[in-house]
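Reader: I have a model open and a few questions about it. Can we go through the surface first, then the helices and the charged pairs?

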Amino acid sequence: AVVSTQRGHYGREALSGNLAEAINKITVSIDTNPTVAEYTVFRGTLLRQQGQYDEAIDDFMKALTKKTEDSKTYQDALRQLVLTYNDFAVECYTKGYFEEAISLLDQAIKRERNEKGFYMNRGDSFRMIGYLSFALADYQQALELDPHDWVIISRISLVHHQYGIKEYTNKRYADAEKCFTTAITCNAKIAQYYISRAWSRFMQKHLPASRADLLRAMYFDSSIEEGVMLV
């Protein structure tokens, strides 16, 4: 009851916007009662809210050593830990530190394998550094968890389009066409996919099919002109 009362007091401090003061007070409680895992979890949660991810991770890891796996506090600490890894990864991603984001998401996924967002975020990071096969594997894993998520399906289509661009650049036009077709199968409303396939078909002298794709692209994007080039 004492733990609950003190957490409630610190929670009110945090809600009032005084996170730093709440963290200072809960730190005093931790120093006084170092075996109370609930305090450590609560401080970690506040640190996560402040974006102090390394410190938050340290707190959650300490809390995990103080409780058994079947306890509520252990499960709370574990949940907060994986969310912190994800938050930290998102910050790394936005700053362009994609490999660091992947490492953090590896830690999150190792502890929680049923969170589609973790796979999507790691897939995005892999895609940004050109690891398309890993990105596709993560998106497909996310899709298994939620087969009707349109955002995931759109990501998968994007990877297939990127595969097509690579094949086109290497002058493997038939393979590029197959990749673009797969992208279109996943998401049939992206004008650029039709433009890309139009040019892969044009390079194979499949002129009627190429023109049909270009007209389809113009249907989805009226700003496209017939002489558009592949980008």
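**Surface, helices and salt bridges**

Author: Phe202, Met203 and Leu207 make a nonpolar surface patch of about 260 Å². Keep in mind that this is a predicted model.

Reader: Where is Met203 placed?

Author: Met203 is in helix 11, which covers residues 191–203.

Reader: And is Met203 buried, exposed or partly exposed?

Author: Its relative accessible area is 34%, so Met203 counts as partly exposed.

Reader: Changing topic. Where is Gly51 found?

Author: Gly51 is in the loop between helix 3 (37–49) and helix 4 (53–66). The relative accessibility of Gly51 is 29%, so this residue is partly exposed.

Reader: On to helix 10. How many residues does helix 10 have, and what does it reach from its first C-alpha to its last?

Author: Helix 10 runs over residues 173–186, which is 14 residues. From first to last C-alpha it reaches 20 Å, close to the 20 Å expected at 1.5 Å a residue.

Reader: Which residues in helix 10 are buried?

Author: Tyr173, Ala176, Glu177, Cys179, Phe180, Ala183 and Ile184 are buried in helix 10. These residues are on the same side of helix 10, because they cover an arc of only 165° around the axis.

Reader: Why do residues three or four places apart point the same way?

Author: An α-helix has 3.6 residues a turn, so residues at that spacing point the same way.

Reader: Which exposed residues does the face turned away from the buried side of helix 10 carry?

Author: That face of helix 10 carries the exposed residues Lys178 and Thr185.

Reader: And what covers the buried residues of helix 10?

Author: The cover includes helix 9 (150–169) and helix 11.

Reader: Now the charges. How many salt bridges does a search of the whole structure find?

Author: The search finds 16 salt bridges. One of them pairs Arg43 with Asp59, whose closest N and O atoms are 2.7 Å apart. Arg43 lies in helix 3 and Asp59 in helix 4, so this pair ties together parts that are 16 residues apart in sequence.

Reader: Are Arg43 and Asp59 buried or exposed?

Author: Arg43 has a relative accessibility of 15%, so Arg43 counts as buried. Asp59 is buried too, with a relative accessible area of 3%.

Reader: What about Arg48 and Asp87?

Author: Their side chains meet in a salt bridge, at 2.6 Å from N to O. Arg48 is in helix 3 and Asp87 is in helix 5 (residues 72–94), so the pair ties together parts 39 residues apart in sequence. At 23% relative accessibility, Asp87 is partly exposed.

Reader: Back to helix 10 for a moment. What do the side chains of Glu177 and Arg201 meet in?

Author: The side chains of Glu177 and Arg201 meet in a salt bridge, 2.9 Å from N to O. This pair links distant parts of the chain, with Glu177 in helix 10 and Arg201 in helix 11, 24 residues apart. Glu177 is buried at a relative accessible area of 15%, and Arg201 is buried at 15%.

Definitions and conventions:
Residues numbered from 1 in each chain as written. Predicted model: local features only at pLDDT ≥ 70, side-chain atom pairs only at ≥ 80, totals over all residues. Heavy atoms only, no water. Patch = residues over 30% accessible without salt bridge, like charges linked within 9 Å, V, L, I, M, F, W, Y side chains within 5 Å. Areas by Shrake-Rupley, 256 points an atom, 1.4 Å probe, with all protein chains shown as cover. Salt bridge = Lys/Arg side-chain N within 4 Å of Asp/Glu carboxyl O. Helix = DSSP H or I, 4+ residues; strand = E, 2+ residues; numbered from the N terminus. Buried < 20%, exposed > 50% of the residue type's maximum accessible area, 1.4 Å probe, protein only. Expected span 1.5 Å × (residues − 1). Arc of directions from axis to C-beta. Contact = heavy atoms within 4.5 Å.
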